[in-house]
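Biologist: I am new to this structure and would like to be walked through it. Could we begin once it is on the screen?
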Amino acid sequence: MKTVDEQMELARKAQEQISQYTQEQIDEVCLAIGWEVYKDDNIEKLAEMAADETGFGNKESKIIKHKRKVGGVLHDIKGAKSVGLIERNEETGISKYAKPVGVVCAILPATNPTATCGGKAISILKGRNAVIFKPSSRAMKSTTEAINMMREGLKKVGAPVDLIQVIEDGSREAVAELMKKSDLVVATGSGQVVRAAYSSGTPALGVGQGNAVAIVAEDANIEEAAAMIIGSKFFDYATSCSSENAAIPVEAVYDDFLKAMQANKAYLVTGEDREKLKNAMWQVNEKGKLALCQDIIAKSAQVIAKKAGIVIPEDTKVLMVEGIEPILSDKFYDEKISPVITIYKAKDFMDAYRILTELTNVVGRGHSCGIHTYKREYIEYLGNNMKSSRVTVRQPMASGNGGHAFNRMPSTATLGCGTWGGNSTTENVHWKHFLNITWVNEPVAPWSYTDEDMWGDFWKKYGK
């Protein structure tokens with residue numbers, strides 16, 4: 001087993017070898033590794049391994065996720081400049097030159113261990129960097145297999161294979177050392193993982209807690225909204241942090257929305273069954289804290305219902321409960337990471353906004369929200385007022401937030417949540433975040449101003 005120092009030395013040597021690659025050369029490298037985690041035989045194997053090893057999600061969804069995430073990242077970087085002069089403004093005299101950040105430590109989640117790995121590797125290598133991955137302990141085999149596949153891709157184009165590695169010593173001390181000795185850390189996973197990255201002393205990019213919530217306004221296409229929400233919530237059994245955790249239809253469409261959800265194979269859990277479901281989902285852990293039960297995370301509705309001791313139709317995709325206020329009086333407000341969704345009734349849009357802010361302020365501040373509406377004033381109100389990094393309009397959030405063909409969000413599995421969520425960025429973390437940029441400034445005609453130009457209007461209003 002190699003030590004962190006030994007792996008870091010290999011990574012730095014490999015990165016140095018490609019530090020002078022041309023744009024064409026590095027783009028070829030990205031295509032090579034991307035193909036290995038995009039082609040059908042490989043991703044079928046990876047999807048099956050990931051589902052079996054982690055017990056999270058399902059093979060069919062993970063195959064789609066590979067196509068979407070890897071293909072999306074490759075689409076985003078195609079033709080993009082990441083080498084040398086990438087921008088020149090003759091008017092300002094500013095030129096920008098892209099350079100590598102060096103060796104990146106990338107920490108991966110158990111929920112998406114192979115597609116996230118593939119997308120991250122492409123984005124990181126686009127900047128002529130090297131990466132050492134730290135997989136989740138429960139996804140080591142599947143992540144390592146994905147990395148080995150990408151190393152084969154590097155061989156095909158004559159690039160050093162140690163540009164992509166997996167940490168061999170997975171101890172807490174070794175991971176801390178890797179983060180400390182890397183040039184940049186990118187962490188996708190639990191809050192604990194992200195906090196460790198930020199406290200490592202190395203520049204870090206992390207994500208905040210998910211808890212995506214969607215408003216359904218009175219003008220929404222109810223059938224379309226329900227189909228999108230169910231599709232998003234059911235996909236890979238809600239492994240995505242962007243999977244809708246709650247929906248807030250307004251009173252005018254509430255009953256129709258519930259019917260449309262049921263038509264899309266959502267089952268409404270009520271009465272004693274609702275209490276059984278809650279008790280099965282949140283249990284006291286070994287630390288004595290009430291926490292989400294690991295046995296229900298990213299499991300099918302059937303598995304969850306069986307654990308709760310409730311009977312549901314065999315074709316159920318999503319379990320649905322009606323929300324209770326005050327919100328904190330009922331645990332179903334919390335992030336569920338499973339095909340279980342809470343439905344809150346709002347009087348109108350502003351009441352829906354109130355519920356939305358309460359939900360996200362408690363869990364998932366800064367992450368994302370959605371709305372099904374065609375009214376510009378509603379969309380703009382959320383844009384102006386929500387402390388969320390994303391407002392996703394008339395889309396399934398599990399796919400829309402992280403970039404999809406039907407929108408232009410950068411493709412990624414790492415969603416920054418800004419200072420609201422304890423992160424350094426509100427952006428979708430993508431290839432541009434793995435570049436150092438040198439600004440070259442040349443003299444141009446100087447700008448000037450008079451005191452009157454600057455303060456004239458101010459003086460008229462307030463005086464000197």
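Biologist: How many bridges pair strand 8 with strand 15, and in which sense do they pair?
Modeller: Strand 8 (residues 212-216) and strand 15 (residues 369-372) are joined by four bridges and pair in the parallel sense. Strands here are DSSP runs of E with at least two residues, helices are runs of H or I with at least four, and both are numbered from the N terminus. Two strands pair if DSSP finds at least two bridges between them. Please note that this is a predicted model, in which local features need pLDDT of at least 70 and side-chain atom pairs count only at pLDDT 80 or more, while totals for chains, interfaces and linings use all residues. Residues are numbered from 1 along each chain as its sequence is written, and side-chain values use heavy atoms, with hydrogens and water left out.

Biologist: Which residue of strand 15 stands opposite Val213?
Modeller: That is Cys369.

Biologist: What is the strand order of the open sheet with seven strands?
Modeller: The order is 10-13-14-9-8-15-16, with parallel pairing. Strand 10 (266-268) and strand 16 (391-393) each have a single partner strand, so one side of each has no neighbour in the sheet. From one strand to the next, the twist averages 25°.

Biologist: And which strands does helix 14 lie across?
Modeller: Helix 14 (residues 376-385) lies across strand 8, strand 15 and strand 16, and runs at about 170° to strand 15. Such angles run from 0 to 180 degrees between N-to-C directions, and the axes are lines fitted to C-alpha atoms, for helices over the stretch in contact.

Biologist: What about the open sheet of five strands: in which order do they come?
Modeller: They come in the order 5-4-3-6-7, and the pairing is parallel. Its edge strands, strand 5 (164-166) and strand 7 (204-205), each pair on one side only. Within this sheet, strand 3 (residues 103-107) and strand 6 (residues 184-187) pair over four bridges, and Ala106 stands opposite Val186. Helix 6 (residues 140-156) packs on the sheet, touching strand 4 (130-134) and strand 5, and its direction makes about 160° with that of strand 5. Helix 7 also packs on the sheet, touching strand 3, strand 4 and strand 6, at about 140° to the direction of strand 3.

Biologist: At roughly what angle do the axes of helix 1 and helix 7 cross?
Modeller: The axes of helix 1 (residues 4-18) and helix 7 (residues 172-181) cross at roughly 35° and come within 10 Å. The contact, meaning heavy atoms within 4.5 Å, is made by Val4, Asp5, Met8 and Arg12 of helix 1 and by Ala174, Glu177, Leu178 and Lys181 of helix 7. These residues divide into four nonpolar, no polar and four charged. In this scheme Ala, Val, Leu, Ile, Met, Phe, Trp, Tyr, Cys and Pro count as nonpolar, Asp, Glu, Lys and Arg as charged, and the others, Gly among them, as polar.

Biologist: Changing topic, which strand does strand 1 run antiparallel to?
Modeller: Strand 1 (residues 84-89) runs antiparallel to strand 2 (residues 94-100), and five bridges join them. Asn89 stands opposite Ile94. The two strands form a hairpin with four residues between them, and Gly93 in the turn has a positive phi of about 75°.

Biologist: Where does Ala298 lie, and what is its phi?
Modeller: Ala298 lies in the loop between strand 12 (290-292) and helix 12 (301-308). Its phi is positive, about 55°, although Ala298 is not a glycine. Most residues other than glycine have a negative phi, and most peptide bonds are trans.

Biologist: Is the peptide bond from Glu325 to Pro326 cis or trans?
Modeller: It is cis, with omega near 0°. Pro326 lies in the loop between strand 13 (318-322) and strand 14 (340-343).

Biologist: Last topic: how many cavities of 30 Å³ or more does a search of the whole structure find?
Modeller: The search finds three. On a 1 Å grid over the protein atoms alone, a cavity is a set of points where a 1.4 Å probe fits but cannot get out, and lining residues have an atom within 4 Å of a point. Grid points are joined across faces, edges and corners, and a volume is the space filled by probe spheres set on the points. The largest cavity holds about 70 Å³, and helix 5 gives the largest share of its lining, five residues.

How values were computed
On a 1 Å grid over the protein atoms alone, a cavity is a set of points where a 1.4 Å probe fits but cannot get out, and a pocket is an open set with protein on both sides within 12 Å along at least five of seven lines; lining residues have an atom within 4 Å of a point.
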